[in-house]
Amino acid sequence: MSKNRKVQPPEKLTGIQLTKVPKSAVGVKAIVSALTHIKDEVGVKKGIQLLSKLNQKDGFDCPGCAWPDPDEKRAFLAEYCENGAKAVAEEATKNKVSPIFFTTHSVQELSEFSDYEIGKSGRITHPMYLPEGGTHYEEISWGNAFKMIGEELNSLDSPDEAIFYTSGRTSNEAAFLYQLFVRQFGTNNLPDCSNMCHESSGVALSQTLGIGKGSVTLDDFNHADLVIVIGQNPGTNHPRMLTALGETKKKGGKIITINPLPEVGLMNYKDPQNPLKWIGSGQDLTDLFLPVKINGDVALLKIILKLMKEKENAEPNSVFDHQFIKEKTAGLEALLEDLDTYSIAELLPQTGLTLDQIKETTALIINNKNIIICWAMGLTQHKNGVDNIREIVNILLLKGSIGKKGAGTCPVRGHSNVQGDRTMGIWERPPASFLDNLEKEFKFKAPRKFGFDVVEAIDAMHKKEAKVFFGMGGNFISATPDTVFTAKALQNCNLTVQVSTKLNRSHLITGKKALILPCLGRTEKDFQTKGEQFVSIENSMGVVQQSHGTLQPCSNQLLSEAAIVAGVANATIKNTTTNWEALISNYDLIRDKIEATIPGFTDFNTRVRIKGGFYLPNNARENDFTPTKAGKANFSINKPSEIELKKNQFMMMTIRTHDQYNTTIYGLDGRYRGVLNERRVVFMNEGDMKSLHLKKLDLVDLTSHFNNEEREAKGFLVVPYQIPTQCTATYFPEANVLVPLKSKADISNTPASKTVIITIKKR
């Protein structure tokens, strides 16, 4: 390089643009963004026809998030969000990944594409095979693909040497058949994406309330006096939730937002369903914003509990719902005694807040009765993730704010049927009663040994104790932590199989041999021998409803997920007691089997045909906590963070940009954070930047530190942001390489992607 060559500033090298953070979310810009994606990927006419069926009672369920649809009237204009429209555009794209594409591009060449470029390649049209030592994927017939899988599985020394992963978009019918096949094969190795997101919620809620699901319905937001949104960014991840929060505000309710970053969507939004609201100042949502430090949540919640206790002691019966506590709960005295062992002075620094801010928050909790608390992965992906959720439950139990209209728990799930998959038995730790029902209905001996969750599965593959990986949807390599370690784990396998709609990075990080099995998308019609079929989905509030694709399949070589499971099962299980062909010929027969084995699905085929679907039983919603070990709702004792940062160390959390959903990258803009055309950024407090002598858009390397191990991610641009001191944020999957596999939540084993200790070095 010439010594006299002029060095270009970072914005010239990368194309990054920093803009003002907008004051309001959604509105015209969101509508324009959604329609632009539809136009570019699908075409205007076809796209508008698709959107008119999205989340409608006679249409198909969004392949994006699991936020529920209104029980009654749904908006024809926009019963979907910007990212929902992007998800549909991605799935219905005109772009195709055909055998010719794979002939043209080697695996090595494709691996050099960005995640954005990989995703934009298009829909996979044919089953493809990568032979051992091969450089290019080759076309393979479905029969030969199934045969190869069956032979590989049957050659294992034990069924437990196979891993069967599931993403959250799989339908109830496919998920039920999948877990049935896996258990007939002989293992409970059924890790799923819940292991990486809301497993902490499921554990905490099961322990305290007797059900691992939230207790509220969408209508409860119309009756809430106070909604607390903590560790969540619905403006990007669940934009339709803003409508529910808007209804709370219209009816006089208050909203508290607790999050390290001030996310635009929770501050103000413009209702996309009302054209009269597209202009103007929008609707303010948050009444009180608390910029808590990363992993300071238990400390904050514990201070709130202490202040509630002080007020109750000073003015008996003014805070606690003693009748509810006496009739419905256990463990209050132990909780109150434990609170006395902490002082506010020692807890306060962990929060990064002032005591006045917390007192104002506590006053709103004390003075309101109908309280909903919502949360997402900002609470679950910590070492003390389970403690975070249990501390939330403590507050609600003290107020008697569970099992009543306008009050309760609201874990906001991610992928569209992640909750339904768990209901269908996609779980590595199945209850004995579920296995008993399977054995009775299907006449086989189900395995009782618990299987591997995601973290354990990666470790087993890395140790070569698991030799086959089968992924039912998802993008495993990009979704999981410790990218280099996980990549090596997958490469240790003899065979990796991915059931997918579109090309993703998991197709390029493979075992010795690899298969890609292309499946129907949510938007496409599903034809079986008994005619056109529909599937069912369970949203995050326990409503089961049908989803019916409207498009012709993009290739005549696509199979439904259920048909793929049946093909693998027939090629693998000898002397099977299940007529797989009959089940997939008419999905009503699958639903009959679900009804016979899973509580809550009485008259399944009748009720699922009711427009809008039906609610599954929910004991917490009914104020019944008998499923817990104590037979009552349980108060719990929880610990604040034990992490102490050294000088020049920072706490990093991974987050999403507005142009992505999970691992799918729709574009390169983070419009709501004022960062355009770049993803490799690190958001920092300006005071921290000064202490490290860093300036805006300086190029830095990030190093994570855990148990004397170091992991490195190079080439991030510094962006000053409103974030507490010693806290940073980066986008995933780019920063997943920094998340140690062994850094995980207690009990739930969820990767601690929100508590990564890093140092930052300027290049």
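How many cavities of 30 Å³ or more does a search of the whole structure find? The search finds eight. The structure is a predicted model.

**Second largest cavity**

The second largest cavity has a volume of about 210 Å³. Its lining has 19 residues, and the closest to the cavity centre are Leu520, Gly521, Arg522, Asp526 and Val535. Two or more lining residues come from helix H9 (172–185), and likewise from helix H26 (561–572). By class, the lining of this cavity divides into six nonpolar, seven polar and six charged residues.

**Cysteines**

The disulfide count is zero. Cysteine 410 is in no disulfide: the nearest cysteine sulfur belongs to cysteine 374 and lies 3.9 Å away. The cut-off for a disulfide is a sulfur pair within 2.5 Å. Cysteine 410 is buried, at a relative accessible area of 3%.

Cysteine 554 is partly exposed, with a relative accessible area of 23%.

**Helix H4**

Is helix H4 (residues 82–91) mostly covered or mostly open? Helix H4 is mostly covered, with ten of its ten residues buried. Among the buried residues are the charged Glu82, Lys86, Glu90 and Glu91. Ala85, Ala87, Val88 and Ala89 are buried in H4 too, as are Asn83 and Gly84.

Methods
Residues numbered from 1 in each chain as written. Predicted model: local features only at pLDDT ≥ 70, side-chain atom pairs only at ≥ 80, totals over all residues. Heavy atoms only, no water. Buried < 20%, exposed > 50% of the residue type's maximum accessible area, 1.4 Å probe, protein only. Helix = DSSP H or I, 4+ residues; strand = E, 2+ residues; numbered from the N terminus. 1 Å grid on protein atoms, 1.4 Å probe; cavity = no way out; pocket = protein on both sides within 12 Å on 5 of 7 lines; lining within 4 Å. Points joined across faces, edges and corners; volume = space filled by probe spheres on them.
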